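Subject: Structure handover

Hello,

Here is the structure you asked for, with notes on what was found in it. Please keep the model open while you read.

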Amino acid sequence: MLKRIGLALVGLLMGVAPAFAHLSPAEHGSFAAGLSHPLFGVDHILAMVAVGLWAALLAGSDRRALWLVPSAFVSTMLAGFAAAMAGAPLPFVELVILASVVAIGLMAAVALSVPTAAAMAIVGVFALFHGHAHGGELGAAGAWPFAIGFALTTALLHAAGIALGLGVGRLAGRHLGRTATRAAGALTAAGGLWLAFAG
């Protein structure tokens, strides 16, 4: 069952990208633009999937982490979006977004075990900057349909990370699956470092 859900999510995400062809948020502040927007920033994709990977690892000690950690990210990201739309400045947005890829990837790589509330707070800080970046790119176009679209895609990317983390465990066994999930976290962190130094 979980394998089918994971495959369906991957198929959906692969199909969404070409369908929306990255509508410019400044010109098309629409649900479709919001839905496609996170899929065209490798930093956003890596960070969102890493949140799901880490949530899957945390679920070993608290099953609620599977939905609480991603929910904290999405809700705080929307708060960051609202702050940007209100004109509230936030320094170092792009730098913190890159740092989020590395940091969340590393937390998954080392299977950092913290209380779920602490994990929610950690991802929430990074989410504020991701949301602010989305709001800063919007311009004068329609804000909330766009926000609903990028929130939905963000949740789907979290779900893909969770499905990967849990699915590998189901297929390969708990120990090997945990190791593979941690390796995926390490690859995410490495991707973040590459993005930081390649730019």
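Helix H4 covers residues 65–85, which makes 21 residues. From its first C-alpha to its last, H4 reaches 30 Å, close to the 30 Å expected at 1.5 Å a residue. Please bear in mind throughout that this is a predicted model. The buried residues of H4 include Leu66, Leu68, Val69, Phe73, Val74, Met77 and Phe81. Pro70 and Gly80 are also among the buried residues of the helix. After H4 comes Gly87, which has a positive phi, near 85 degrees.

How many aromatic pairs does a search of the whole structure find? The search gives four. One of them joins Phe81 and Trp144, with 5.2 Å centre to centre and 75 degrees between the planes, and is edge-to-face. This pair links distant parts of the chain, as Phe81 is in helix H4 and Trp144 is in helix H7 (residues 143–172), 63 residues apart.

Because Phe81 lies in helix H4 and Phe150 in helix H7, the pair ties together parts that are 69 residues apart in sequence. Phe150 is buried, with a relative accessible area of 0%. Ring pairs link Phe81, Trp144, Phe146 and Phe150 into a cluster.

Is His130 buried or exposed? Its relative accessibility is 0%, so His130 counts as buried. Leaving aside neighbours within four places in sequence, His130 is in contact with Phe73 and Met77, and also with Asp43, His44, Ala47, Met48, Ile97 and Ser100.

Leu53 is in helix H3 (residues 42–58). At 1% relative accessibility, Leu53 counts as buried. Which residues does Leu53 touch, not counting those up to four places away in sequence? They are Ala108, Gly161, Ile162, Leu164, Gly165, Thr181, Ala184, Gly185 and Thr188. Thr188 is 135 residues from Leu53 in sequence, yet the two are 10.0 Å apart in space, C-alpha to C-alpha.

On charged residues, a search of the whole structure finds one salt bridge. Arg64 forms a salt bridge with Asp62, and the closest N and O atoms are 3.0 Å apart. Arg64 is partly exposed, with a relative accessible area of 46%. Asp62 has 18% relative accessibility and therefore counts as buried, the cut-off being under 20%.

Last, the surface. Phe31, Ile148 and Leu152 make a nonpolar surface patch of about 280 Å². Phe31 is found in helix H2 (residues 31–36). Its relative accessible area is 39%, so Phe31 is partly exposed.

Regards

Notes
Residues numbered from 1 in each chain as written. Predicted model: local features only at pLDDT ≥ 70, side-chain atom pairs only at ≥ 80, totals over all residues. Heavy atoms only, no water. Buried < 20%, exposed > 50% of the residue type's maximum accessible area, 1.4 Å probe, protein only. Contact = heavy atoms within 4.5 Å. Helix = DSSP H or I, 4+ residues; strand = E, 2+ residues; numbered from the N terminus. Expected span 1.5 Å × (residues − 1). Patch = residues over 30% accessible without salt bridge, like charges linked within 9 Å, V, L, I, M, F, W, Y side chains within 5 Å. Areas by Shrake-Rupley, 256 points an atom, 1.4 Å probe, with all protein chains shown as cover. Salt bridge = Lys/Arg side-chain N within 4 Å of Asp/Glu carboxyl O. Phe/Tyr/Trp six-rings, centres within 6.5 Å; stacked < 30°, edge-to-face > 60°.
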